[in-house]
Amino acid sequence: MSTLELKIGEIIAEHRTKEGPLLPILHDVQHEFGCVDAEAEKIIAAGLNLSRAEVHGVVSFYHDFKPAADPRPVVQVCRAEACKARGIEAIIGDAEKAAGERVKIETVYCLGLCSAGPAARTGDDLHIRLDSQSITRLVEEA
Ligand code: FES
């Protein structure tokens with residue numbers, strides 16, 4: 001049994017008795033390995049007695065689950081309506097320019113900070129009222 005199978009087996013065992021265990025398992029696998037790849041999907045499907053298609057359908061539906069690990073730091077930038085109204089589209093280019101290939105700019109749709117946008121998230125940190133300078137600095141420090 002591989003290390004991947006062992007660790008995912010532990011995660012499945014931790015959540016198996018919960019109602020709707022698939023999402024918590026996927027979140028834990030994503031957190032542990034940085035992705036939910038095809039091999040992980042296969043192990044989870046077998047562990048929950050689901051088809052691989054059922055697991056893949058959930059994985060591919062949610063943007064939080066990645067099919068492959070990406071070691072770059074991530075800056076999540078909200079491009080939903082309230083942040084658009086507050087100017088995210090005018091400064092997203094500055095973030096992308098500062099990011100280059102080193103930082104991944106990920107679009108999300110609402111961080112729950114609508115009245116204080118434009119908003120972004122890095123890890124567990126939330127950033128509000130971003131402008132050209134602050135979003136550039138945020139990306140550079142990611
Ligand atoms: S619309 Fe951007 S935080 Fe809600």
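This is a predicted model: local features need pLDDT of at least 70, side-chain atom pairs count only at pLDDT 80 or more; totals for chains, interfaces and linings use all residues.
Q: How far apart do the C-alpha centres of domain 1 and domain 2 lie?
A: The domain assignment of the protein chain places domain 1 at residues 3-61 and domain 2 at residues 74-141. The C-alpha centres of these two domains are separated by 30 Å.

Q: What span should helix α2 have at 1.5 Å a residue?
A: Helix α2 covers residues 22-33, which is 12 residues.

Q: Within what arc do the buried residues of α2 fall, seen down its axis?
A: The buried residues of α2 are L22, I25, L26, V29 and Q30. In an α-helix, residues three or four places apart point the same way, because there are 3.6 residues a turn. The buried residues of α2 line one face of the helix, since they fall within an arc of 135 degrees.

Q: Which residues lie nearest the centre of the largest pocket?
A: The largest pocket has a volume of about 420 Å³. Two or more lining residues come from each of β1 (74-78), β2 (104-108) and β3 (120-122). Of the 15 residues in the lining, those nearest the centre are Q30, K66, V74, Q76 and E106.

Q: How many residues of the lining of the largest pocket are charged?
A: The lining of this pocket includes two nonpolar and five polar residues. The charged residues of the lining number eight.

Q: Which element gives the most to the lining of the second largest pocket?
A: The second largest pocket holds about 160 Å³ of space. Its lining includes H63, D64, K66 and C110, and divides into four nonpolar, three polar and four charged residues. With three residues, the element that gives the most is β2.

Q: Is C110 buried, partly exposed or exposed?
A: C110, a residue of the loop between β2 and β3, has a positive phi of about 90 degrees although it is not a glycine. Buried requires a relative accessible area under 20%, and exposed requires one over 50%. Because its relative accessibility is 39%, C110 counts as partly exposed.

Q: What is the omega of the peptide bond from G117 to P118?
A: P118 is placed in the loop between β2 and β3. The bond from G117 to P118 is cis, with omega near -5 degrees.

Q: What is the relative accessible area of R129?
A: R129 belongs to the loop between β4 (125-127) and α7 (132-141). Its phi is positive, near 50 degrees, in a residue other than glycine. R129 is exposed, and its relative accessible area is 57%.

Key:
Residues are numbered from 1 along each chain as its sequence is written. Side-chain values use heavy atoms; hydrogens and water are left out. On a 1 Å grid over the protein atoms alone, a cavity is a set of points where a 1.4 Å probe fits but cannot get out, and a pocket is an open set with protein on both sides within 12 Å along at least five of seven lines; lining residues have an atom within 4 Å of a point. Grid points are joined across faces, edges and corners, and a volume is the space filled by probe spheres set on the points. Helices (H or I, at least four residues) and strands (E, at least two) are DSSP runs, numbered from the N terminus. Ala, Val, Leu, Ile, Met, Phe, Trp, Tyr, Cys and Pro count as nonpolar, Asp, Glu, Lys and Arg as charged, and the others, Gly among them, as polar. Domain bounds come from an automatic or database domain assignment. The expected span of a helix is 1.5 Å times one less than its number of residues. Buried means under 20% relative accessible area, exposed over 50%, partly exposed in between (1.4 Å probe, protein chains only). The arc is that of the directions from the helix axis to the C-beta atoms.
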